[in-house]
Amino acid sequence: MNEAEPNSFERELAERLQSLRQGNLYRELRTVHSPQAALIQMNGKPLLNFSSNDYLGLANHPEVKEAAIQATERYGAGAGASRLISGSLAPHQELEETLAAWKGTEAALSFVSGYAAALGTIRAILTKGDLIVLDRLVHASLVDAAFQCGARVRVFAHNDLDRLEDVLKSSQSKGSAGMGNRLKFQDSPGVRAPRKRVLIVTESLYSMDGDFAPLREITALKERYGAWLLVDEAHAGGLYGPNRRGMAEALGVADRIEVHMGTLGKAVGSSGGYICGSRALVDYLINSARSFIFSTAPVPAAAGAAKAGVRLIHSDTGACRVEQLWERVRQVGRAFPGLAGKKEQPFPSAIIPIILGEESEAVHVSARLRDHGVFVPAIRYPTVARGQARLRLSLSASHSPANIQTLNEALDGALGRGGR
Ligand SMILES: *Cc1c(COP(=O)(O)O)cnc(C)c1O
């Protein structure tokens, strides 16, 4: 190719990148030459890390690392093929037994990522003619799955139970769309058309706002209207409830939820995604979740580490680390009552958003904090809505009180006392 004259493909990409830069939406990778711990080496500079979702500091726990090494020694670096093709390696099976025992469900299935779990599961459960009802702020993996599954997509305002009920009500009054039409039940007098399937999808703790879904009320609504419920506990699994299963446990509604979803890459400290639920759900997903069937199994190291992470969460170590995490959250809250304690929340949250609005402002404040040796990422469109750019501060049990003190001083310099 002639370098002086880029073809239309390269030219168009260059234009798109330019417009991202102009909108302060351009993103680039920053190389880290250290583990993802409280202190990282980013682009050659030591920074206190307030960007990670490793809430309990398990990603660098000796037992978790050792489990990854042991799994690699015994089962190799790669998994070879999909589990349905080359046989299912023992570490995956053991992980799933550990997950089901932790979550108190009949069965569990692990995926290469939480993203893959969302995509494979929702596409397997729903089809054309069904209805999927999403909270407006659910994660991109759930949005993508919803638009790919063929069902009609309805979105309700964030955590707005009235709007959710409106959608459920209108779905009933419109009668049956899916199976009903196909089977022409509506033409036969006296034969009730099978209702179309309705799946409600919510996170339990929202990843960019750090606020909680009203899970009790959503569960009651889904029962009143005969819908099904998928709850993504990506940011809550490991942190809430007597067994730290997540918010569904903390709020006492776990047994009434059809599909529990989560990731192994956040509090668990490894990598991968999971679905927990009935034996039938898991058997069905093994047979029909395309992201499970048509993807090479996760590496043994990831499964081994995840199993160790789940075990630690389920043990006294998990309880201690969660307490330590809330102590760090309170330390930020005492310095910035305007931030951590802004909203009356039923539970503490390790995710503290600092909403700045303008994309450029978020980028500049994040850069100022980096100058003070503190890394808090700027979160911009399309991760959050336009004009809702923010810093997303996430705390970990691995932060020391001195780390938090440094953070508080840096925030004070960058934002002014009391947050904004
Ligand atoms: C991170 C995340 C996922 C995706 O999980 P991965 O394992 O990182 O692919 C899904 N849902 C939510 C809410 C998340 O925050």
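The model is a predicted one, in which local features need pLDDT of at least 70 and side-chain atom pairs count only at pLDDT 80 or more, while totals for chains, interfaces and linings use all residues. Residues are numbered from 1 along each chain as its sequence is written, and side-chain values use heavy atoms, with hydrogens and water left out.

Within this sheet, strand β2 (residues 45–49) and β11 run parallel and are joined by two bridges. Leucine 48 has valine 374 in β11 as its bridge partner. Most residues other than glycine have a negative phi, and most peptide bonds are trans.

A cis peptide bond turns up too, running from tyrosine 381 to proline 382 with omega near 5°. Proline 382 lies in the loop between β12 and β13, and these strands belong to another open sheet, this one made of three strands in the order β10-β13-β12 with antiparallel pairing. The edges are taken by β10 (351–357) and β12 (378–379); each has a single partner strand, so one side of each is left without a neighbour in the sheet. Strand β13 (residues 389–394) runs antiparallel to β12, and two bridges join them. Across this pair, isoleucine 379 stands opposite arginine 390 of β13.

On the helical side, α5 (residues 114–125) and α6 (residues 140–148) have axes that come within 8 Å and cross at roughly 25°. Axes are lines fitted to C-alpha atoms, for helices over the stretch in contact, and angles run from 0 to 180 degrees between N-to-C directions. The two helices, α5 and α6, are therefore roughly parallel to each other (angles under 35 degrees count as roughly parallel, over 145 as roughly antiparallel, 65 to 115 as roughly perpendicular and the rest as oblique). Contact, meaning heavy atoms within 4.5 Å, brings Tyr115, Ala118, Leu119, Ile122 and Arg123 of α5 together with Ser141, Leu142, Asp144, Ala145, Ala146 and Gln148 of α6. By class, the residues of this contact are seven nonpolar, two polar and two charged (Ala, Val, Leu, Ile, Met, Phe, Trp, Tyr, Cys and Pro count as nonpolar, Asp, Glu, Lys and Arg as charged, and the others, Gly among them, as polar).

Another pair is formed by helix α14 (residues 316–335) and helix α16 (residues 401–415), which pack at about 30° with their axes 10 Å apart. Helices α14 and α16 are therefore roughly parallel to each other. From α14, the contact draws on Arg328, Gln331, Val332 and Ala335, and from α16 on Pro401, Ile404, Gln405, Leu407 and Asn408. Five nonpolar, three polar and one charged residues make up this contact of α14 with α16.

Overall, the protein has 16 helices and 13 strands. Its radius of gyration, 23 Å, is close to the 22 Å that the globule rule gives for 420 residues, so the protein is as compact as a globular protein of that length (the radius is taken over C-alpha atoms, and the rule is 2.2 Å times the number of residues to the power 0.38). The C-alpha trace spans about 75 × 60 × 50 Å along its principal axes.

Terms used
Pairing = 2+ DSSP bridges. Helix = DSSP H or I, 4+ residues; strand = E, 2+ residues; numbered from the N terminus.
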